[in-house]
Amino acid sequence: MSLPKNLGTIDRALRIVAGLVLISLVFVGPQTPWGWIGVVPLLTAFVGFCPAYVLLGLRTCPMKHG
């Protein structure tokens with residue numbers, strides 16, 4: 001069973017960038033373990049689904065007509 005996509009292309013790209021920036025904080029900068037929270041936006045970007053968007057009623061992925 002696959003999850004319905006609710007993230008658009010720009011949203012996914014921004015999540016990848018944000019995730020990589022946050023994870024980089026583990027290795028450079030303040031070197032805080034809180035940077036590992038960057039895994040969350042990376043995972044949601046690669047899967048294309050954000051559970052928080054369902055709760056908030058948001059969707060950045062265009063609807064498919066068919």
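This note walks through the structure above in numbered points.

1. **Before you start.** This is a predicted model, in which local features need pLDDT of at least 70 and side-chain atom pairs count only at pLDDT 80 or more, while totals for chains, interfaces and linings use all residues. Residues are numbered from 1 along each chain as its sequence is written, and side-chain values use heavy atoms, with hydrogens and water left out.

2. **Overall fold.** The protein chain has three helices and zero strands, in the order α-α-α along the sequence. Its radius of gyration is 14 Å, well over the 11 Å that the globule rule gives for 66 residues, so the chain is more spread out than a compact globule. Here the radius is taken over C-alpha atoms, and the rule is 2.2 Å times the number of residues to the power 0.38. Along its principal axes, the C-alpha trace spans about 50 × 20 × 20 Å. Helices (H or I, at least four residues) and strands (E, at least two) are DSSP runs, numbered from the N terminus.

3. Of the 66 residues, 29% count as buried. Buried means under 20% relative accessible area, exposed means over 50%, and partly exposed lies in between (1.4 Å probe, protein chains only). The chain exposes about 5,000 Å², with carbon and sulfur atoms supplying 75% of that area. These areas come from the Shrake-Rupley method with a 1.4 Å probe; for residues, only the protein chains shown count as cover.

4. **Helix H2 and its cover.** Take a look at H2, residues 39-47, where the buried residues are Pro41, Leu42, Thr44 and Ala45. Their cover includes helix H1 (9-27) and helix H3 (51-56). Just after H2, glycine 48 takes a positive phi of about 85°.

5. How many salt bridges does a search of the whole structure find? There is one, joining the side chains of aspartate 11 and arginine 15 at 3.0 Å, N to O. The term means a side-chain nitrogen of Lys or Arg within 4 Å of a carboxyl oxygen of Asp or Glu. Aspartate 11 and arginine 15 are separated by about one helical turn, because they are four residues apart in helix H1. In general, an α-helix has 3.6 residues a turn, so residues three or four places apart point the same way. Both aspartate 11 and arginine 15 are buried.

6. **The cysteines.** The whole structure has zero disulfides, a disulfide being a pair of cysteine sulfur atoms within 2.5 Å.

7. **The loop between H1 and H2.** Tryptophan 36 sits in this loop and is partly exposed, at 44% relative accessibility. With Phe27, Val28, Val39 and Leu43, Trp36 forms a nonpolar surface patch with about 500 Å² of accessible area together. Patches are made of residues with over 30% relative accessible area and no salt bridge; like charges are joined within 9 Å, and nonpolar side chains (Val, Leu, Ile, Met, Phe, Trp, Tyr) within 5 Å. Glutamine 31 is in this loop too, and has a positive phi of about 50° although it is not a glycine. At 52% relative accessibility, glutamine 31 counts as exposed.

Terms used. Contact = heavy atoms within 4.5 Å.
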